[in-house]
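Here's a quick look at the pockets in this model.

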Amino acid sequence: MNKSFTKEEYSQYVKSVSPNSKLFLNIIKAFLVGGIICVIGQVIFNWLKGRGLDSDMVSGLTSAIMIFLGAFFTALNVYDELGRFAGAGSIVPITGFANSVVSPAMEFKTEGYIMGTGAKMFVIAGPVIVFGICASILVGIIHYFII
Amino acid sequence: MAERHIGKQTVIFKNPPSIKATASIVGPKEGKGALRQSFDYIIPDELWGEDSWEKAESKLVRETLSKVLQKGSLSNDQIEYVLGGDLLNQCIAANYGLRETDIPFFGLYGACSTMAESMSLGSMLIDGGYADNVVCMTSSHFCSAERQFRYPLELGSQRAPTSQWTVTGSGAALLTSDQTGPYIRYVTTGKINDMGISDVNNMGAAMAPAAADTILTHFADTGLTPDYYDLIVTGDLGKVGKKICLDLLNMNGIDLENRFNDCGVMIFNTKDQDTHSGGSGCGCSATVFAGHLYKEMMKGNLKRVLFVATGALMSPISTQQKESIPGIAHAVSIHRSLD
């Protein structure tokens with residue numbers, strides 16, 4: 001082109017003409033949906049506690065039930081619609097983690113159960129697990145020496 | 001001395017090839033879009049009876065080829081070449097879609113610019129006397145593209161407002177040496193153009209400089225002015241890229257406001273269909289050209305069209321390695337008659 005921007009100018013210009021996400025609306029939606037998911041978790045937690053289970057058992061079972069619900073609604077093709085509406089509201093809770101494991105497992109089934117589902121299941125959640133474990137080991141070591 | 005080459009990047013044909021027929025098959029979402037009336041067939045669901053998205057895309061290619069041959073009243077053995085490609089790794093949609101056709105095949109990859117690339121090369125084959133009948137075609141499929149370039153379909157994520165929606169569809173043009181028209185008069189081949197945009201959710205911005213560059217070069221090489229064309233149409237810049245392209249052209253003293261559009265903006269009802277900036281993918285420009293634009297030319301509503309398909313030449317690997325996105329645009333100048 002005869003007249004054009006430099007790369008820096010172009011980047012600035014593109015930023016000025018590209019629409020931004022509707023931040024305020026998205027935050028409200030994420031807050032409501034994320035809050036509702038947490039309320040559901042709390043109801044399950046209280047119900048299990050009311051049945052006389054000890055607190056470790058209640059925490060573990062509540063997580064397991066929420067993970068099941070996330071996986072279940074992913075399989076029913078509902079969770080992606082929820083995610084489109086709620087954004088971080090449905091990604092951050094543990095149901096979102098289940099969705100990030102189940103969705104590639106479903107998607108890559110066409111390449112077989114081993115090289116498809118098995119190999120690709122953790123393609124999104126994998127880094128979370130890797131760095132989660134690393135961080136927990138690090139914190140564990142610090143904890144050991146300090147206390 | 002190459003007598004048909006003019007200016008820096010343009011070819012003028014001595015025996016301009018004709019576009020004898022076109023065919024387009026699209027997905028269900030495109031079939032609810034703004035141009036739904038113009039397509040030959042709308043598939044009932046994205047799998048179309050196959051067991052994977054990739055196989056469904058190959059079926060799109062296979063059926064679109066047979067449709068264009070049927071409309072052009074030609075059989076497979078009368079076609080000298082098929083030129084085509086798609087977005088999938090190693091162009092498997094075209095390779096598998098065409099494997100039973102028994103027609104010599106050149107596989108092309110120009111990302112979403114492939115339709116104009118195939119028509120450019122097909123025209124050169126015909127004008128050069130190497131072929132009489134050539135089919136130029138491309139395809140893309142929302143689901144197969146999503147999983148190659150983005151995330152699994154069922155992942156609950158939000159799309160950026162600048163992102164685009166890959167069109168499910170395949171479009172084909174049958175080029176012949178018959179003097180029936182509409183004619184391909186010029187082609188301007190684009191250069192790879194990288195302005196440093198690395199956001200894969202804003203491919204319109206990555207491709208717009210390439211489109212503007214090719215359009216400006218086309219006018220410089222041919223000596224034509226914008227009012228020569230009834231419509232200058234880019235491939236898949238989307239709403240954001242369309243605005244950027246117009247601004248870049250304006251900076252260079254060319255005002256196309258009333259005769260400029262973009263296939264990605266035209267194909268969907270972007271607001272109702274939640275497609276954000278618009279459509280994209282090889283199938284976007286291919287189906288809009290083969291469906292809407294060709295029919296408008298045949299009706300006489302458009303006499304001269306400059307078809308500028310645009311491509312973003314990145315891959316998931318280059319994106320992860322933090323490379324910017326190179327863009328490209330090829331222009332094909334199509335005339336209803338030769339006067």
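The largest pocket holds about 1,400 Å³ of space. Of its 49 lining residues, E146(B), Q148(B), F149(B), R150(B) and P316(B) sit closest to the centre. Keep in mind that this is a predicted model: local features need pLDDT of at least 70, side-chain atom pairs count only at pLDDT 80 or more, and totals for chains, interfaces and linings use all residues. Residues are numbered from 1 along each chain as its sequence is written, chains are lettered from A and ligands numbered from 1 in the order in which they are written, and side-chain values use heavy atoms, with hydrogens and water left out.

**How a pocket is defined**
- On a 1 Å grid over the protein atoms alone, a pocket is an open set of points where a 1.4 Å probe fits, with protein on both sides within 12 Å along at least five of seven lines; lining residues have an atom within 4 Å of a point.
- Volume is the space filled by probe spheres set on the points, which are joined across faces, edges and corners.

**Largest pocket**
- α7 (113-120) of chain A, plus α4 (142-149) and α9 (316-320) of chain B, each bring at least two lining residues; helices are DSSP runs (H or I, at least four residues), numbered from the N terminus.
- α4(B) gives the most, with six residues.
- The lining has 24 nonpolar, 17 polar and eight charged residues; Ala, Val, Leu, Ile, Met, Phe, Trp, Tyr, Cys and Pro count as nonpolar, Asp, Glu, Lys and Arg as charged, and the others, Gly among them, as polar.

**Second largest pocket**
- The second largest pocket has a volume of about 610 Å³.
- Of the 20 residues lining the second largest pocket, K22(A), R159(B), P161(B), D274(B) and H276(B) are closest to its centre.
- α2(A) gives the most to this lining, with three residues.
- By class, the lining of the second largest pocket splits into six nonpolar, seven polar and seven charged.
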